[in-house]
Each structure stands twice: as structure tokens, then as C-alpha cells.
Amino acid sequence: MKIIGSLDYKIFGLKDKNSSIFIICKNILKDGILLLRICFCSLLFIVFNTVILTKILDNFSFIMIYTYLKYYYLFLVIYIFAFIDYITYYVYTVLSYPIIIFSLFIFILSFLDIKNIRINLETIILIGFLYLLINKFKFLGEGDFDIFLIIALTLGVLPTVFIFYLSIIMSGIISIVILIKNCFKLQNNRLAFIPFIFIATTVFIAIKV
């Protein structure tokens, strides 16, 4: 499905130059299953916003607001990337890099609190480990690492490990189902991974909230 125009490519650095980005809306309206999934995710987003606002109003404090704003920020960011990855099977660095820089800035500011130094150092070690792991075994794309980097800088070590393993497990189960359905033919079994990261992140936030 060609959805990215040449003009969009020049402006945003997107990868497909053959058709207009606005065709995406037309294709979504034609695809009933995709439209249903988008409606479900939109409903989930509305419910998430309602829960976050309710929690903030019930427990009004600076720490509580900061925590829930982090959850809100992460949910929104991964929601957008999951949608793009589901449609295009691609993570655009023109979108991910500014968010990584912003997350890194917040991460650096957290060093001002002495209590966060140990956790932040563990986060740095985890980021290095994930980078070496993904780079060596190539089981995830560089764009997927960008998303995990954003999560690690925002939430820290343990939440990132939880989200990482849960998304791997879910994607593995779905991959096996797809292989069985296609009689174990390996071709044309491409699977977007960031939607699984989004689901795992949502599960984590739901548990914490």
C-alpha cells in the first residue's frame, strides 16, 4: 500500500515516494478491519485520558501529576508510532529523534535528585545492553530500539524490562499463529512490532494506575 508522497518525502524524510500521504485516509475508510482497530484504539485513548485526569484530580500533588504526565506522554507517543508502524512497517527517524532528545533532556534533569542516580545508571546500562543485543542478533529493527530507548529514558529499568519481555512474548505468539495459518510459509509474514510495544506499555500503565 503506497501512502507517502514525494513532497512528503522531501519535507519529512519518509521512505515511499510514489503516492500521496492523504491516500492513507481513503485506504483506512476502505479497510473495515483496520477502521475497526483504529476505532478501538481511539476508544482506548479516550478511556486512558479519562482515567488519568480522574487520578490527578483525586490525588492532586506535584509528584502524582508528574508521574501521570509521564504515563500520558509515553502513551501518546507510542500510540502514534504504533499506528505509523502498523501502516508502513517503518519508524521514521525524523519523528523519533526529536522525541528521544526531549526524553533525554528530562532524563538528565532527573539526575538533580540524588535518589534517582542509581536508577538512572541502571537505565544507562540497560540501554547499552539492549543496543548490543538488538545489534548483534538483529531480531528487532533500529526503529524498535528507538521506541525502547524512549521508554527507558521515561520510565526506567524495571518498567522497560517488563514492556520488552511482554511485547516479545505477545509478538511471538501472534507470529506462531500466522505461521500456522500460512502453513509455515515464511514469505509475506511481515509483522509490525511497535503495536505490541504499545499494548505492553498500556498493560504496564493500567497496572500502575
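Mentor: A residue is called buried here when its relative accessible area is under 20%, exposed when it is over 50%, and partly exposed in between, using a 1.4 Å probe and the protein chains only. The model is predicted, so local features need pLDDT of at least 70 and side-chain atom pairs pLDDT 80 or more, while totals for chains, interfaces and linings use all residues. Residues are numbered from 1 along each chain as its sequence is written, and side-chain values use heavy atoms, leaving out hydrogens and water.

Let's start with the chain as a whole. It has nine helices and zero strands, where helices are DSSP runs of H or I with at least four residues, strands are E runs of at least two, and numbering starts at the N terminus. In sequence order the pattern reads α-α-α-α-α-α-α-α-α. Of the 209 residues, 37% are buried. Among contacts (heavy atoms within 4.5 Å) with a separation of 6 or more, 62% join residues 24 or more positions apart.

Now to the second largest pocket. A pocket is an open set of points on a 1 Å grid over the protein atoms alone, where a 1.4 Å probe fits and protein lies on both sides within 12 Å along at least five of seven lines; lining residues have an atom within 4 Å of a point. This one is lined by 27 residues, and Tyr66, Lys70, Asn116, Thr154 and Leu155 are the ones nearest its centre. Two or more lining residues come from each of H4 (62-88), H5 (93-109), H6 (117-137), H7 (142-155), H8 (157-181) and H9 (194-208). Helix H4 gives the most, six residues. By type, the lining divides into 15 nonpolar, seven polar and five charged residues; Ala, Val, Leu, Ile, Met, Phe, Trp, Tyr, Cys and Pro count as nonpolar, Asp, Glu, Lys and Arg as charged, and the rest, including Gly, as polar.

Thr88 lies in H4 and is buried, its relative accessible area being 14%. Thr88 is 104 residues from Ala192 in sequence, yet their C-alpha atoms are 8.5 Å apart.

Next comes H6, where the whole structure's one salt bridge is found. The partners are Arg118 and Glu122, with their closest N and O atoms 2.8 Å apart; the criterion is a side-chain nitrogen of Lys or Arg within 4 Å of a carboxyl oxygen of Asp or Glu. Side chains of opposite charge can pair when their charged atoms come close. Both residues sit in H6, four residues apart, about one turn of the helix. Arg118 is exposed at 56% relative accessible area, while Glu122 counts as partly exposed at 33%. Beyond its neighbours within four places in sequence, Asn120 contacts Phe107, Ser110 and Phe111.

Finally, look at H7, the helix that holds Phe145. Phe145 is counted as buried because its relative accessibility is 13%. Setting aside residues up to four places away in sequence, Phe145 touches Ile127, Leu130, Tyr131 and Ile134. Phe145 is also ten residues from Asn135 in sequence, with 9.3 Å between their C-alpha atoms.
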